[in-house]
Amino acid sequence: MKFQYILLSSLLALTQLFLSGCAGSRPALPGPERTRTLGWPEPPEDPRIVYVKSLHQPADAGIKASAFLRFGRWLSGSQEDQSLRKPFGIAVDEKENLCLTDTAANAVCFYDRKKKQWLRWQKIGKLTFVSPVAIAKRNEIIYVADSGRPGIVVFTESGKYLMEITNKVERPTGLLVQGGRLLVTDSKRHSVLSYDLLGNFISEAGRRGLNPGEFNFPTHLAADAEGNLFITDSMNSRIQVLDRDLKFKAQIGSAGDSSGHFSRPKGLAVDTFGHVYVVDGMFDNVQVFDRAGKFLLYLGTTGTAAGEFWLPNGIAISGSNEIFVADSYNQRVQIFKYIAKE
């Protein structure tokens with residue numbers, strides 16, 4: 001018995017030594033590796049753009065349902081899920097609040113960052129959203145392009161219906177409030193429509209074609225601080241730059257599969273330094289150009305991890321150069337930050 005006891009003790013000791021040796025053979029990554037900032041361009045270059053976080057649902061923005069709302073849901077048996085299903089159009093207002101459309105949920109969302117409030121509408125008054133694809137906001141007024149109706153739905157931040165703009169609108173895909181006018185890209189008309197903020201038609205620019213100032217299914221649009229307009233000329237695989245009078249000025253990019261070229265250009269935005277950001281849905285990345293159209297860098301690749309995309313669509317940039325990308329099929333909005341100084 002004594003011998004068996006000694007043998008058993010020895011086996012236990014050897015087992016513990018073996019297990020500790022296995023644990024030691026797989027050390028945890030050192031702290032700097034686990035916490036390394038995800039940025040672009042990649043090391044050894046200094047990053048100019050860094051990843052911040054992702055939003056899948058209001059809780060990711062630090063918003064919690066009130067006890068009263070939770071009790072009401074429990075009482076009614078409602079399990080309403082406000083998680084993003086297919087974020088598509090995206091914008092940032094003058095207070096850096098986030099506005100977005102969710103085409104899979106037929107919903108429009110507004111995130112008031114100061115009030116920590118997340119508002120969501122699937123209908124305004126008696127009007128139900130069918131396919132909201134683009135959004136813009138100025139002061140308290142929200143404009144939504146609904147390509148399923150089709151029209152531009154206008155309502156207040158409190159959800160009060162104001163009007164619907166339908167004059168000449170066929171398939172609206174992009175929106176921009178610039179000064180006292182509302183600009184709309186219409187992919188079926190292959191043009192840019194201009195309205196005043198009361199919904200009165202002003203002018204139309206463009207037609208279908210390949211020449212400068214002509215479009216082939218235009219989608220998104222943006223503007224820089226000087227008033228220049230940038231239009232995603234989607235099926236022509238380029239970005240066209242127009243002046244305030246909607247006259248052609250320049251072109252950025254062309255069809256191709258290398259840096260500085262596009263396959264399926266979608267959302268675009270301009271930061272405070274004049275850099276132009278273009279989302280490419282086929283390449284699953286965002287390409288960045290300088291104000292002269294020279295390619296600078298790209299961020300992202302295909303995937304589901306942070307900094308990776310799956311058919312991204314819209315992009316918006318705040319006045320503090322936060323970058324919001326609608327990562328549509330990953331059901332999230334990814335947030336980045338431009339950190340370099342000019």
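Trainee: What share of the contacts in the protein with a separation of 6 or more is accounted for by residues 24 or more positions apart?

Mentor: A contact means heavy atoms within 4.5 Å. Residues 24 or more positions apart account for 42% of the contacts with a separation of 6 or more. Please note that this is a predicted model, in which local features need pLDDT of at least 70 and side-chain atom pairs count only at pLDDT 80 or more, while totals for chains, interfaces and linings use all residues. Residues are numbered from 1 along each chain as its sequence is written, and side-chain values use heavy atoms, with hydrogens and water left out.

Trainee: How many helices and strands does the secondary structure have?

Mentor: Helices (H or I, at least four residues) and strands (E, at least two) are DSSP runs, numbered from the N terminus. Here there are three helices and 27 strands.

Trainee: How much of the protein counts as buried?

Mentor: Buried means under 20% relative accessible area, exposed over 50%, and partly exposed in between (1.4 Å probe, protein chains only). Of the 342 residues, 46% count as buried. Valine 144, in strand 10 (residues 141-146), is a case, because its relative accessibility is 0%. Among the residues it touches beyond four places in sequence are Val108, Phe129, Ile152 and Leu175.

Trainee: Which residues touch the most other members of the largest nonpolar core?

Mentor: A nonpolar core is a set of buried Ala, Val, Leu, Ile, Met, Phe, Trp, Tyr and Cys residues joined through side-chain atoms within 4.5 Å. The largest has 17 residues, and Ile49, Tyr277, Val286, Ile315, Ile323 and Phe336 touch the most other members. Strands that each supply at least two residues of this core include strand 22 (276-280), strand 23 (285-289) and strand 27 (332-338). Apart from it lies another core, of 15 residues, among them Ala145 and Tyr195.

Trainee: Where else is phi positive, in a residue that is not a glycine?

Mentor: Leucine 246 has a positive phi of about 65 degrees, and its place is in the loop between strand 19 (238-242) and strand 20 (248-252). With a relative accessible area of 10%, leucine 246 is buried. Lysine 168 also has a positive phi, near 70 degrees, but lysine 168 is partly exposed, at 33%.

Trainee: Which peptide bond involving tryptophan 40 is cis?

Mentor: The bond joining tryptophan 40 and proline 41 is cis, with omega about -5 degrees. Proline 41 is found in the loop between strand 1 (39-40) and strand 2 (49-55). Proline 44, in the loop between strand 1 and strand 2, is joined to proline 43 by a cis bond, with omega about 15 degrees.
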